[in-house]
Amino acid sequence: LPHSEARFELQQVILTMPVALVYILERSTTHQEGLPKIPVPPLKQTCERYLAALEPLITREELAHTRTLIAEFLQSGGVGERLQKGLERRARKTENWLSDWWMQSAYLDSRMPIPVYTSPGVVLPQMHFQDRQGQMRFAAKLIAGVLDFKKMVDNETLPVEYLGGKPLCMNQYYQVLSSCRIPGPKKDIVVNYATGKSPSTHITVVHNFQFFVLDVYSSNGMPLTVDQIYVQLEKIWNSSLQTNKEPIGILTSNHRNTWGKAYNNLIKDKTNKDSVRTIQKSIFLVCLDAPMPRVSDDLYYSKVAAQMLHGGGSRWNSGNRCNLLGEDGSCGLTYEHAPAEGPPIVFLVDHVVEYMKKTEFRRAPMVPLPLPQKLRFNITPEVKKDIEKAKQNMNIMVPDLDVQVFNFYHYGKKYLKSIKTSPDAFIQMALQLAYYRMYQTCCPTYESASLRMFKLGRTEAIRSTSTESHRFVQAMDDVSKQDTEKLALLQEAIKAHRAYTHMAIHGQTVDRHLLGLRMQAIEDLTSLPEIFMDTSYAVAMHFNLFTSQVGSKTDCVMCIGPMVPDGYGICYNPMGDHINFAVTAFNSCEETNAARLSRFLKEALLDLKSLVEQTLKPSPTGPEEQPDRT
């Protein structure tokens, strides 16, 4: 039954239905096996949509050349047809023809450092504690909240998510905890320790670059209480007061090839190997960070976002990373992106925040608990050299990242729905206008869309730059155009964005299909088709705007680094009456400036509202809220 009908039926019979049957119906894996496979789009359709996406980005001459290459690629019996058939064979034989290739190409093959370049950060509202006791109490509640989320994962009682009445794949929720990315000299792997004969029962706590094993379940299998966790954290704190320890964790921040070699050096020693394996098998890590240097209130969240992404450098917290709690009330998390996208992380955040609101910290009679185990590392001269190299690289990376977090308080998604428009498409058009005003040109823009409608689905790209958006941004500041014409062009651009979004979440856009054709050619050991060697393809894949809507009930914001050296990373969380933004860029690029783009974005959002209000009046209620697609 569709979700709404199923809910109605359950309400009618719940008094007479056996409890176990209700539970089975509500299990988060109920629909997993019945989810459809991700389709392989028609080849001609993808090529046509690819050409349409190129139109606002390249010259007429370049477009004409690419059309010629596409025509050759589509010839009957040609290379395109052969690769398409290979892809269709793969789709028949696998649960998801894309997921392994996506994991490989987007994450595991990447040799760039994980901080900034891969791992997102989440900035939570500042907590009102100003000392270590407050930090410990908050950390204890947070740990208990994550364990409560884990209970839902283990019992398969997570609420199934739906989009348009159809269940979504819940697989990523089972990869969030107990997953670890292990470096290799040429390619990484991801291992999940949640399953098996003896799943993990411990977390790792990091303080002053020192690592501790904290068992979070008692001998009877029950999770520790908040006050028990607090006592254990106090023991860890008091056992790690030295601040002169080598930041062994900073090794993980290096270029992946460099870290892969350093990893092999590190685990040559048995003590080191055992400690590393213990960390890898943790359910999650909690980092008790030192307080940051004080900054003004308007810079606070930008500073925290930078801390979440890289830790502030070797002198500060770059040797501690994961669920992050600063002694000054700053808090958030960073996570390994390879196993999961944003929605499971946001669900976890929302769940933990709500759990912490309901959970009171109470002292209770204590049961003796073992002292948390401190993990030992033997720092050989070779390991010491690797640490120093990682410190140097991190201290170059940190000042290069420009981070701007701001709250746009003039309106939020409630207002946008009241004028019967899509909040996401409206914000994307504001981004298009801001970029155009700053550079007098359009650029390739990536927005994440979810493919969780399909089994093991990950993401597809929404290409926000379209012919329609290009027409709109060109007209917006043209004094010869009437406001009614500008508004009509804005509405056309929003309509085009919504249409592309619909195609993306149904697996009918271009980026993942092109990736599949390219990977199929590599697997067939044939030369890459000309369309992938074309300048237009390089332009199309150079996303100067790398964006993601990460909607959360919590007043937080996710942050990501730019995808390209001369680009921006932009995350946003549309709340009811305001919108949270995080904008990043690299200082080493003279052409980019996160603060300047943020100013243009604020102006664009205000100007679009003024344009709309010239002819439209907000209605009391807007359209029904749609689930996040990111």
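The model is predicted, so local features require pLDDT of at least 70 and side-chain atom pairs count only at pLDDT 80 or more, while totals for chains, interfaces and linings use all residues. Residues are numbered from 1 along each chain as its sequence is written, and side-chain values use heavy atoms, with hydrogens and water left out.

I begin with the cores. A nonpolar core is a set of buried Ala, Val, Leu, Ile, Met, Phe, Trp, Tyr and Cys residues joined through side-chain atoms within 4.5 Å; buried means under 20% relative accessible area with a 1.4 Å probe, protein chains only. The largest has 100 residues, and I143, I203, L233 and F284 have the most contacts inside it. Helix 7, residues 132–155, gives the most to this core, with 12 residues; helices are DSSP runs of H or I, at least four residues, and strands are runs of E, at least two, numbered from the N terminus. Another core, of 45 residues, lies apart from it and includes I427, Y572, I579 and F581.

I turn now to helix 10. Within residues 270–280, N272, S275, V276, I279 and Q280 are buried. Seen down the helix axis, these buried residues fall within an arc of 140°, so they line one face of helix 10; the arc is that of the directions from the axis to the C-beta atoms. Among the elements covering them are strand 4 (179–182) and helix 9 (256–266).

Finally, the cysteines. The count is 0 disulfides, a disulfide being a pair of cysteine sulfur atoms within 2.5 Å. For C443, the nearest cysteine sulfur, that of C442, is 7.4 Å away. C443 is buried, at a relative accessible area of 2%.

Definitions and conventions
Buried means under 20% relative accessible area, exposed over 50%, partly exposed in between (1.4 Å probe, protein chains only). Contact means heavy atoms within 4.5 Å.
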